Amino acid sequence: MIIGNLKNINVAMLPPKLLQILSRDDCKFEYLLNQKDGKYEIIANGVYYIIASLTTADEASLKSEFHNEYIDIQILLCGDEIISSSSQLISIPHD
């Protein structure tokens, strides 16, 4: 997990390609803050962001989130959120 601030992105120690994308004008905090809910393509065929105004749920009612194909970058534009993580190893049977 990498934690940072879009207003000071250069100190987040991001991989160069990710830093390049998040440094774009259309990925800056002020720009994102003024976007309406929706899906916005940054680079054709796979690099996009989604703006969603959501209410987070109780931690007890949530399940772990995994991604096989994409990375997930969460940017909190307003409000508060608590992020939970675990180092517990879970064994999942393979088909």
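These legends describe close-up views of a predicted model.

View 1. The protein chain has 2 helices and 2 strands. Its C-alpha trace spans about 45 × 30 × 30 Å along the principal axes. Of its 95 residues, 17% count as buried. The chain exposes about 8900 Å². Carbon and sulfur atoms supply 52% of that area. Consider next the contacts with a separation of 6 or more: residues 24 or more positions apart account for 27% of them.

**View 2. The largest nonpolar core holds 14 residues.** Leu14 and Leu32 touch the most other members of this core. Three elements each supply at least two of its residues: α1 (16-22), α2 (29-33) and β2 (47-51). Helix α1 gives the most, with 3 residues. In soluble globular proteins, nonpolar side chains tend to be buried together.

**View 3. Leucine 14 and its contacts beyond the local sequence.** Neighbours within four places in sequence are left aside here. What remains in contact with leucine 14 is Ile2, Ile9, Leu19 and Leu22.

**View 4. Methionine 13 has a positive phi.** Most residues other than glycine have a negative phi. Methionine 13 has a phi near 55°. This residue lies in the segment before α1. Is methionine 13 buried or exposed? Methionine 13 counts as exposed because its relative accessible area is 76%, over the 50% cut-off.

**View 5. Met1, Ile3 and Ile83 make a nonpolar surface patch.** The patch covers about 420 Å². One of its members, isoleucine 3, is found in the segment before α1. Isoleucine 3 has a relative accessible area of 70%, so this residue is exposed.

**View 6. Tyrosine 40 and tyrosine 49 form a stacked aromatic pair.** The structure holds 1 aromatic pair. A pair of aromatic rings is described by the distance of the centres and the angle of the planes. For tyrosine 40 and tyrosine 49, the centres are 5.1 Å apart. The angle between the planes is 25°. The pair counts as stacked because this angle is under 30 degrees. Tyrosine 49 has 13% relative accessibility, so tyrosine 49 counts as buried. The cut-off for buried is under 20%.

**View 7. Arginine 24 and aspartate 26 meet in a salt bridge.** The structure holds 1 salt bridge. The side chains of arginine 24 and aspartate 26 form this bridge, with an N to O distance of 2.9 Å. Arginine 24 has a relative accessible area of 29%, so this residue is partly exposed.

**View 8. Glutamate 30 and lysine 7 are 23 residues apart along the chain.** How far apart are the C-alpha atoms of glutamate 30 and lysine 7? They are separated by 9.1 Å. Glutamate 30 has its place in helix α2. Glutamate 30 is partly exposed, with a relative accessible area of 46%.

Conventions
Residues are numbered from 1 along each chain as its sequence is written. This is a predicted model: local features need pLDDT of at least 70, side-chain atom pairs count only at pLDDT 80 or more; totals for chains, interfaces and linings use all residues. Side-chain values use heavy atoms; hydrogens and water are left out. A nonpolar core is a set of buried Ala, Val, Leu, Ile, Met, Phe, Trp, Tyr and Cys residues joined through side-chain atoms within 4.5 Å. Buried means under 20% relative accessible area, exposed over 50%, partly exposed in between (1.4 Å probe, protein chains only). Helices (H or I, at least four residues) and strands (E, at least two) are DSSP runs, numbered from the N terminus. Contact means heavy atoms within 4.5 Å. Patches are made of residues with over 30% relative accessible area and no salt bridge: like charges are joined within 9 Å, nonpolar side chains (Val, Leu, Ile, Met, Phe, Trp, Tyr) within 5 Å. Accessible areas come from the Shrake-Rupley method with a 1.4 Å probe; for residues, only the protein chains shown count as cover. A salt bridge is a side-chain nitrogen of Lys or Arg within 4 Å of a carboxyl oxygen of Asp or Glu. Rings of Phe, Tyr and Trp (its six-membered ring) pair if their centres lie within 6.5 Å; planes under 30 degrees apart count as stacked, over 60 as edge-to-face and the rest as tilted.
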